[in-house]
Amino acid sequence: MELIVASAIGVLTAAGIYLVLRLRTFPVILGMSLLTYAVNVFLFASGRLTIGAPPILDDAAITYTDPLPQALVLTAIVISFGMTAVVVMIGLGAYLGSDDDHVDDQPESDASEERP
Amino acid sequence: MTHWIILPIVLPALLAPFMVLTARHHIGIQRVFSLAGIVGLIALSIGLVWQVSDGSVIYYRLSDWAAPFGIVIVGDRLSTLMVLLTSVLALFVLLYAIGSKWDERGRHFHALFQFQLMGILGAFLTGDLFNLFVFFEVLLIASYGLMIHAGGNARLRAGVQYVLFNLIGSTLFLFALGSIYAETGTLNMADLAQRVTLIGAEETVGIRIAAVLLLLVFAIKAALVPLHFWLPSSYAEAPAPVAALFAIMTKVGAYAIIRVYTMIFPPELEVTSGMHDLWLLPAALVSLAIGMIGVLAARKLDRLVAFSIIGSMGMVMVAISLFTPSSIGAALYYIVHSTLAGAILFLITDLVRTGRGTLDLTAQPPMMGTHMTAGMFFAGAIAMAGLPPLSGFLGKLMVLDAAYSDDLVVWVWAIVLSSSLISVVGFARAGSIVFWKALGTQATVEPATDLSRPSALAYAAIGGLFALLVAHTVFAGTVHSYTTEIAEELFDHESYFSLVLDTPGKLSNPKEAH
């Protein structure tokens, strides 16, 4: 199981980093989502991998799984979900406004235009 | 246990939704509540500074859960000083935003402003690494809203870059926290600091990686070269009052580095040895140089100010990365100075934009109201470049003095002094182009009569920041001895550890356990 989880994190991270390095908004946002999935699985694994053990006190239980990473992952999921929504909205606004979805700096001639 | 220390976080957290729910169409009411909230914050933070000024540490257990299990809010002299600096800066920035009517140009400015303050103050006060992450996210998500306040294409595009860069930073932060938890089983700062000393010399791989990842995250926040690329365009495109408030955001990164790398991974710790002296100082020196060269090379005034922020962060990081009590004392003095000076310069840039219509560093028709703006730009440039008589000069002197016994003293002195010269030339060039090299002597444009002209309140806000800067210079001796005491306390944590870890609460009673 360790091998599967570890390679899943590795593949997700590699694909995420590749996509983040692209030039257009949409692949970059997809890459960010993959990276956040990778980090969520990574946080889960940081409490050691245990199968079929309860996270809270139980009289019948012999062994426990660490409950803290599950709480951390919950927080991380909520935050990354909200952040992705924000970046989609801002990216969409920038694309509709300037008809261009590149994430790099625009050429100097455009940059000097008047701002409100 | 006192409840006062949680209030700087709770007050803006309650005020912001209150303003959204009840007064979203009434800018006047929002202004009153926002100002009242910040005046309350200043009173609270003065109280907190006064309470810890004798060297004591105050703390608060959320829901009374004891330290390694629950989240603690801890206030010592370092964090309360930063809280006071933030709330005072916020007052003047808000006054400027009201005076220049920036807050009317988009919706929910005041609510986002309060959320931003909540995140920044929480990051300064928390005693738990995961909670630090949460407050980073609070301040970031509010800053995304503020950054694109009032819209515009250039601003939205810069906003996309800013958000994406910070999202990657947050992901790195989570990877670092995951590795730290996997290695030590705790995220409470005081508990962590004691557990990393127990790690054997042969099992240091995981914790070293975690420490470096964490340093990268804070370096992104502090805009340390080579992780500074997000700063120039975002700060230049952000609305002026927002950029002025962002002057404190880079200092959140500096604060986190001071806190984590003196308490959890101090320089003498064996498992992370070689990290502090090998990488941090050269990176800081390079950012100082690049920032000041950027000042000389900038083609627009707002980029120039943004690069001067990178340079001054480099200066702060040079002082921090020496990791001695005297150097961190100097760094704290310089942090206060560079926050005020950076905010002043961003606000003046906005005055220039309103009067002149453009920020390009080329000859333009003469602008109106020049003497006042030019005089303030002159004083702000003196402060930022570190010339006497303002506090930038004293701050640099303290850093140079603290570096005197270091091995790399030649490099520090050479780069600090030559970059100061470069920035003086850069600011002089920009000032003379903007204010002196006007096209012709007659006003070729009609004096603008539109209502967006800054009112007297805007000038008063900048004047207030200048007054603080002058006070920071006049009372330099007192402030510096106070920051040096803070720095000495940072290298001697016993009272902090015993207070956080040995006070009984729910789930843990050390006295019964023994």
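Let's start with helix α1 and helix α2 of chain B. Helix α1 covers residues 7–22, and helix α2 covers residues 27–52. Their axes come within 10 Å and cross at roughly 175°. The axes here are lines fitted to C-alpha atoms, for helices over the stretch in contact, and angles run from 0 to 180 degrees between N-to-C directions. So α1(B) and α2(B) are roughly antiparallel to each other. As for the cut-offs, under 35 degrees is roughly parallel, over 145 roughly antiparallel, 65 to 115 roughly perpendicular, and the rest oblique.

A word on the model. It is predicted: local features need pLDDT of at least 70, side-chain atom pairs count only at pLDDT 80 or more, and totals for chains, interfaces and linings use all residues. Residues are numbered from 1 along each chain as its sequence is written, while chains are lettered from A and ligands numbered from 1 in the order in which they are written. Helices (H or I, at least four residues) and strands (E, at least two) are DSSP runs, numbered from the N terminus.

Which residues of α1(B) meet α2(B)? They are B:Leu7, B:Pro8, B:Leu11, B:Pro12, B:Leu15 and B:Met19. Among their partners in α2(B) are B:Phe33, B:Gly37 and B:Leu41. Contact means C-beta atoms, placed from the backbone, within 7 Å. By class, this contact has 9 nonpolar, 4 polar and no charged residues. Nonpolar covers Ala, Val, Leu, Ile, Met, Phe, Trp, Tyr, Cys and Pro; charged covers Asp, Glu, Lys and Arg; the others, Gly among them, are polar.

Now the second pair in chain B. Helix α14 (residues 325–356) and helix α19 (residues 476–490) have axes that come within 8 Å and cross at roughly 130°. That makes α14(B) oblique to α19(B). The crossing is right-handed. Handedness works like this: left-handed if the near helix is turned anticlockwise from the far one by less than a right angle, right-handed if clockwise. On the α14(B) side, the contact includes B:Ile328, B:Leu332 and B:Tyr333. On the α19(B) side, it includes B:Val479, B:Ile486 and B:Glu488. The contact divides into 8 nonpolar, 5 polar and 1 charged.

Stay in α19 of chain B for B:Gly477. Is B:Gly477 buried or exposed? It counts as exposed, because it has 9 C-beta neighbours inside 10 Å. The cut-offs: 20 or more other C-beta atoms within 10 Å is buried, 12 or fewer is exposed, in between is partly exposed, with C-beta atoms placed from the backbone. B:Gly477 and B:Leu394 are 83 residues apart in sequence, yet 9.8 Å apart in space, C-alpha to C-alpha.

Two covered helices next. In α4(B), 17 of its 17 residues are buried. At 1.5 Å a residue, α4(B), residues 109–125, should span 24 Å, and its end C-alpha atoms are 24 Å apart, which agrees. The expected span is 1.5 Å times one less than the number of residues. In α11(B), 14 of its 15 residues are buried. Helix α11(B), residues 249–263, should span 21 Å, and its ends are 21 Å apart.

Last, chain A. It has 4 helices and 0 strands. Of its 116 residues, 28% are buried. In chain A, 33 residues are in contact with 28 residues of chain B. Helices α2 (25–45) and α3 (68–98) of chain A each supply at least two residues of that side. The most comes from α3(A), with 15 residues. By class, that side of chain A has 19 nonpolar, 11 polar and 3 charged residues.

Methods: Two residues are in contact if their C-beta atoms, placed from the backbone, lie within 7 Å.
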